[in-house]
Amino acid sequence: MLARKLGISADYLETGSEIRDTDERELQIADAELELRLAEITDEAEAKLKRLRADALEAGDTVAASRANIALGLAAAHGGRNSEAIELLESGLELSPVSASARPDVYATLGKAYAASGRPKRAVELFESCLAEVSHEAPDDFAAQVRFTTYLSYALTDLGDLRRAEEVLEEALGKAEEMTDAYSRVRLYWGVARLNDIGGRPAAALDYIRRAIALLDVTDDTLHLARAHILSAAILLTQDRPEEATRHHKLAEKLLGPNAEPEDLSGLYADQSKAAARLGNVALALAKAEAAVAALAGDEYPREMGLGQWALAEARALDGNTDGADSAFREATMLLEAHGHRREYVDVYRSWGKFLRRAGREEEALEVLERATDLAAEQVADAQAHQAE
């Protein structure tokens with residue numbers, strides 16, 4: 001009664017603070033989350049979150065501890081520390097579960113970290129669960145369904161199950177006319193473009209990626225626009241159009257800004273190296289390939305490291321560094337055969353074989369090209385088996 005008459009809260013009358021401890025902790029966590037997103041150096045914000053997490057656990061505030069863990073997990077993923085991100089995000093969700101529809105970014109980042117650390121099957125399972133959850137909880141929320149359908153298609157593609165990836169995307173396409181959210185349509189078009197590119201249909205891929213870029217051009221999402229330009233450039237390179245690809249690269253580099261994620265930077269630099277090589281700029285090709293490898297720390301992105309090593313091998317070959325090129329080709333084939341898409345490691349074996357032949361190492365070239373032929377035959381056999389089914 002006294003608090004009401006004074007126009008203050010009962011908590012303030014009792015403690016001298018306008019907000020409760022839990023509210024104060026939430027405020028500090030939110031402030032640290034913003035600092036993580038906006039600051040160039042995040043060490044201080046991460047240290048603050050770790051202190052707040054410890055305070056929350058001591059006070060029994062599991063919701064705040066979960067939120068701090070999730071924020072730290074997102075920061076770890078942004079920094080390319082996928083194993084740490086998985087541990088933190090899983091721990092945060094265990095402390096206080098949040099729904100996929102409420103925090104899609106958390107599940108998207110967790111699934112992406114699974115895929116990047118060589119666990120695409122776990123990513124598929126996660127996105128299947130998220131899709132089932134949002135479909136059950138909000139059957140009319142087509143935007144959420146398309147979001148997780150697209151994520152699922154990426155994970156299935158990483159797993160090598162192109163047939164099922166295509167099936168889930170076709171189902172989502174049937175709902176496209178019912179969607180008004182531009183971002184959902186961008187995700188959908190992007191997923192279809194990616195699938196067509198990996199499936200060896202660059203013309204269809206380019207058509208869908210242009211639709212995605214056209215939609216993103218009228219939004220404020222520069223990160224997704226940058227990624228769309230990177231994918232568009234990659235597709236143009238498969239059609240041997242390096243000049244056009246270079247224009248997309250310049251736009252993407254500008255849009256990514258100074259705080260880009262490691263895999264985005266590495267992919268951009270690797271493709272810039274390829275474009276420079278095709279245009280005869282050996283020095284630039286070498287510099288960009290070295291930057292692609294340097295952008296990735298540790299073993300967190302094995303597929304992206306394989307692609308970077310491939311670009312480095314091609315650049316070194318152009319530069320006349322035969323031993324260096326051979327070493328990078330060897331590393332690229334090992335990483336991509338274990339973690340890449342089949343089309344990628346078939347192509348890198350072919351590229352390596354051609355390099356060895358040009359270097360006069362016929363016996364080694366024959367061995368590598370035979371491996372490429374065997375892998376390509378397996379690819380055809382799998383495609384025929386899927387068609388028969």
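Biologist: Let's take buried as under 20% relative accessible area, exposed as over 50% and partly exposed as in between, with a 1.4 Å probe and protein chains only. On that scale, how many of the 13 residues of α7 are buried?

Modeller: Ten of them, so α7 is mostly covered. This is a predicted model, where local features need pLDDT of at least 70, side-chain atom pairs count only at pLDDT 80 or more, and totals for chains, interfaces and linings use all residues. Residues are numbered from 1 along each chain as its sequence is written, and side-chain values use heavy atoms, with hydrogens and water left out.

Biologist: Thanks! Which residues of α7 are the buried ones?

Modeller: Pro104, Val106, Tyr107, Ala108, Thr109, Leu110, Gly111, Ala113, Tyr114 and Ala116. Helix labels follow DSSP runs numbered from the N terminus (H or I, at least four residues, for helices; E, at least two, for strands).

Biologist: And what covers the buried residues of α7?

Modeller: The cover includes α5, α6, α8 (120-137), α9 (142-159) and α17. Contact here means heavy atoms within 4.5 Å.

Biologist: How far does α7 reach from its first C-alpha to its last?

Modeller: It spans 18 Å, close to the 18 Å expected at 1.5 Å a residue. The expected span is 1.5 Å times one less than the number of residues. Just after α7, Gly118 takes a positive phi of about 85 degrees.

Biologist: Moving to α6, which of its residues are buried?

Modeller: Asn82, Ala85, Ile86, Leu88, Leu89, Gly92 and Leu93. The elements covering them include α4, α5 and α7 (104-116). Helix α6 itself runs over residues 82-95 and reaches 20 Å, close to the 20 Å expected.

Biologist: You mentioned α4 and α5. At what angle do their axes cross?

Modeller: Roughly 155 degrees, and the axes of α4 (residues 43-59) and α5 (residues 62-78) come within 8 Å. Axes are lines fitted to C-alpha atoms, for helices over the stretch in contact, and angles run from 0 to 180 degrees between N-to-C directions. The two helices are therefore roughly antiparallel. Under 35 degrees counts as roughly parallel, over 145 as roughly antiparallel, 65 to 115 as roughly perpendicular and the rest as oblique.

Biologist: Which residues of α4 and α5 make the contact?

Modeller: From α4 they are Glu46, Leu49, Lys50, Arg53, Ala56 and Leu57, and from α5 Ala64, Ala65, Ala68, Asn69, Ala71, Leu72 and Ala75. By class, nine are nonpolar, one is polar and three are charged. Ala, Val, Leu, Ile, Met, Phe, Trp, Tyr, Cys and Pro count as nonpolar, Asp, Glu, Lys and Arg as charged, and the others, Gly among them, as polar.

Biologist: Nice. How do the axes of α17 and α19 cross?

Modeller: At roughly 20 degrees, with the axes of α17 (residues 302-318) and α19 (residues 342-358) coming within 11 Å. That makes α17 roughly parallel to α19. Arg303, Leu307, Trp310, Glu314 and Ala317 in α17 meet Glu344, Asp347, Val348, Ser351 and Phe355 in α19. This contact has five nonpolar, one polar and four charged residues.

Biologist: Last one: is Arg194 buried or exposed?

Modeller: Arg194 is buried, with a relative accessible area of 18%. It sits in helix α11 (residues 182-198). Not counting residues up to four places away in sequence, Arg194 touches Tyr154, Thr157, Asp158, Leu231 and His341.

Biologist: And how many of the 17 residues of α13 are buried?

Modeller: 13 of them, so α13 is largely enclosed by the rest of the structure. Helix α13 covers residues 222-238 and reaches 25 Å, close to the 24 Å expected. Just after α13, Asp240 takes a positive phi of about 60 degrees.
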